[in-house]
Amino acid sequence: MAKKKNAIVYKCSECGYTQPRWLGRCPECGSWNTLEECISDPNANAAVFAGGVAEKAKPVPLETVSAQEGSRLSTGIEEFDRVLGGGAMKRSAILIGGEPGIGKSTLLLQTAAMIRTTEQNARILYISGEESAGQIKGRADRLGLQTAGIEILCTMRLEDIRDALNALNPLFVVVDSIQTVYSVEAGIVPGTVNQLKYCANELIGWVKERDSVLIMTAHVTKEGTIAGPKSLEHMVDTVISFERNDDEVRFLRAQKNRFGSVDELGIFAMSEKGLEGVADPSTMFITKRSGATPAGIANTCVFEGSRSFLVEIQALTVPAKANISRVYSDKIDSARVARVAAVLEKRTGLRFSDQDLYINVAGGVRLTESAIDSALAAALYSARTDLAVSENTVIIGEMSLAGEVRPVPRLRQRVKTAKDLGFTHIFAPEAESGCSRVGNVGELIKGVFGKTTSP
């Protein structure tokens with residue numbers, strides 16, 4: 001049986017009156033030539049919140065469209081704004097994923113309080129499907145947050161959320177979490193694929209029609225990825241991952257951002273006052289030691305978005321069990337570790353194929369850029385030979401399969417960061433002021449360890 005086509009109706013632009021045929025004059029308000037052709041479509045985003053009637057989409061010249069520069073909403077938290085690309089873009093939907101207890105609710109409650117402080121007349125709606133209003137109020141009191149002007153809605157039903165959105169028309173909306181929301185139109189069990197897609201689509205459709213910002217939290221799997229259908233990530237404008245190390249440090253990183261860079265890293269420290277942004281992480285990931293530096297340690301300078309800071313790479317090599325070599329590394333890609341070890345074995349004659357390799361990064365930050373290759377090579381060589389890298393040494397450079405130390409972007413800023421922190425021995429692929437140039441892995445090993453490698 002063929003599906004029934006969507007009905008065409010005519011809607012008055014002045015009073016909203018609708019009828020099935022066009023008239024020159026609106027029978028309701030008496031205005032002339034105000035009836036516009038619309039479509040009755042219950043699946044249209046705008047229709048869900050406008051009585052099932054949405055205006056027909058029509059093409060417009062691109063040159064006449066405003067880019068809406070400056071239509072961002074500052075969260076009041078500098079590290080959060082940094083990851084978002086300068087603030088949350090209005091009419092956008094943001095999805096934040098992180099393991100339980102990491103601080104998603106704390107961050108968003110702090111954000112709601114900060115926005116209410118800066119936007120005095122703004123209406124804030126915090127929707128919770130996991131906690132009671134008393135629990136949220138208790139958290140706000142512990143953090144010393146001003147809650148005046150923040151509306152709390154504790155429900156799991158999409159229909160209740162829809163009514164509240166239309167009644168309040170808030171500037172900032174938090175849904176904690178999207179997996180708990182369900183609609184009677186898609187069943188009564190929350191968290192299913194159909195429920196996630198249906199409910200998220202309804203909420204995103206609402207925010208796209210208004211100058212508001214929608215943030216949804218999401219559960220994650222044991223692998224750390226956002227649970228639910230991958231299409232949920234495609235539906236939103238920004239996907240943010242909330243991570244942490246073994247300490248009280250939290251990392252906020254954008255995996256997708258239609259309105260900004262995905263290279264920025266937000267760093268927070270958890271305290272009794274909640275999450276506090278770390279504005280200058282330069283010394284945060286360098287271990288302070290009273291004695292000599294042990295073998296297997298090398299420092300490098302990395303860029304995360306617009307800022308640089310130093311990190312400490314730690315390496316350990318032990319004889320492989322059952323003659324099967326393995327790489328244990330979660331902060332640096334295991335394939336990168338294996339590749340650098342293979343280059344060292346080929347170019348220096350030092351054997352790694354019979355060793356288990358353990359790699360760690362102090363502070364728990366995850367490193368992805370190629371500028372860490374040379375420091376990783378030095379750490380592996382140091383661990384294998386038990387020769388320590390001297391104090392105040394920073395190693396920068398990408399390493400090719402041929403053993404060349406290749407240039408990296410923004411070397412001057414990296415060198416300056418290292419100098420400002422008191423590092424005096426800097427090895428880099430280019431002869432910047434105050435650093436030693438190394439062109440290949442042999443020169444690197446000789447410069448750092450004072451030892452000539454075998455051919």
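A: A pocket here is an open set of grid points with protein on both sides within 12 Å along at least five of seven lines, and a lining residue has an atom within 4 Å of one of those points. Keep in mind that this is a predicted model.

Start with the second largest pocket. Its volume is about 350 Å³. The lining holds 19 residues. Go to the centre of the pocket: Ile286, Thr287, Asn299, Asn392 and Phe423 lie nearest to it. By class, the lining has nine polar residues, six nonpolar and four charged. Strand β16, residues 297-304, gives the largest share of the lining, with three residues.

Helix α10 spans residues 411-420, and its buried residues are Leu411, Arg414, Val415, Thr417 and Ala418. These residues sit on the same side of α10 because they cover an arc of only 160 degrees around the axis. The face away from the buried side carries Arg412, Lys416 and Asp420, which are exposed.

Now check the backbone at both ends of α10. Arg410 lies in the loop between β22 (405-406) and α10. Its phi is near 55 degrees, a positive value although Arg410 is not a glycine. Most residues other than glycine have a negative phi. Arg410 has 39% relative accessibility, so it counts as partly exposed. Just after α10 comes Gly422, with a positive phi of about 90 degrees.

Arg91 is another non-glycine residue with a positive phi, here about 65 degrees. Look for it in the loop between β6 (88-89) and β7. Arg91 is partly exposed because its relative accessibility is 30%, a value between the cut-offs of 20% for buried and 50% for exposed.

From there, follow strand β7, residues 92-98. It pairs with β12 in the parallel sense, over five bridges. In this pairing Ile96 stands opposite Ile240 of β12. Strand β12 runs over residues 238-244 and is mostly covered, with five of its seven residues buried. β12 has a further partner in β13, residues 249-257. That pairing is antiparallel, over seven bridges.

Next comes a hairpin. It is formed by β14 and β15, with two residues between the strands. β14 covers residues 265-271 and β15 covers residues 274-277; the two pair in the antiparallel sense over four bridges. Ala269 has Glu276 in β15 as its bridge partner.

The peptide bond from Asp176 to Ser177 is cis, with omega near 0 degrees. Most peptide bonds are trans. Ser177 is in the loop between β10 (172-176) and α6 (193-208).

Definitions and conventions
Residues numbered from 1 in each chain as written. Predicted model: local features only at pLDDT ≥ 70, side-chain atom pairs only at ≥ 80, totals over all residues. Heavy atoms only, no water. 1 Å grid on protein atoms, 1.4 Å probe; cavity = no way out; pocket = protein on both sides within 12 Å on 5 of 7 lines; lining within 4 Å. Points joined across faces, edges and corners; volume = space filled by probe spheres on them. Nonpolar A, V, L, I, M, F, W, Y, C, P; charged D, E, K, R; others polar. Buried < 20%, exposed > 50% of the residue type's maximum accessible area, 1.4 Å probe, protein only. Pairing = 2+ DSSP bridges. Arc of directions from axis to C-beta.
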